[in-house]
Amino acid sequence: MNRLAQHVNDLFKDVPESEQKASIMQEVLQNLEEKVWDLMEQGKAEEDAINKAIVEFGDIEDLTKELGVNKSAKPGKSNKKNNTKLNLEYSIWGSVLIIALFVFMNFYYSSHVIWFVYPTFAVLWWPLTMYFRWMKVKGESKN
């Protein structure tokens, strides 16, 4: 049954210490032990019963939500900020490539008329909106 205790400790390692955490850990451990005893009474070997109980229990997403823990976000880091910066960089490089394509098409197929400027203005809205979004998220993170 030490393996069950270790499994419960591993499940709750990202949850900050509190009385609520301790009581829920104890309850989860108790439920897992009861499940193992039930499976052993049905004829399963102890190791098989432990494995089956762990698999059937699954993860603890609902419990961590109840405790108010966000496991996906790391403390001190903002995934949203990183994503907006990445989106900005992607939009800049994408816009440069699209504008380069327009310039090539303009001078290769119709060099007597300069038309690439017009779609360039439309394409520049993409990185411009990503820049303002990045600035908004950056300003929110300072506050």
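Which residues in α1 are buried? Here are my notes, with that one taken up at point 3.

1. A word on the model. This is a predicted model, in which local features need pLDDT of at least 70 and side-chain atom pairs count only at pLDDT 80 or more, while totals for chains, interfaces and linings use all residues. Residues are numbered from 1 along each chain as its sequence is written, and side-chain values use heavy atoms, with hydrogens and water left out.

2. The overall picture is helical: the chain has seven helices and zero strands (DSSP runs, H or I of at least four residues for helices, E of at least two for strands, numbered from the N terminus). Of the 143 residues in the chain, 26% are buried (under 20% relative accessible area, 1.4 Å probe, protein chains only).

3. Now to α1. Leu4, His7, Val8 and Leu11 are its buried residues. They lie on the same side of α1 because they cover an arc of only 95 degrees around the axis (taken from the directions from the helix axis to the C-beta atoms). Their cover includes α2 and α3.

4. Val8 deserves a look: leaving aside residues up to four places away in sequence, Val8 touches Met25, Val28, Leu29 and Leu32 (contact means heavy atoms within 4.5 Å).

Terms used: Buried means under 20% relative accessible area, exposed over 50%, partly exposed in between (1.4 Å probe, protein chains only).
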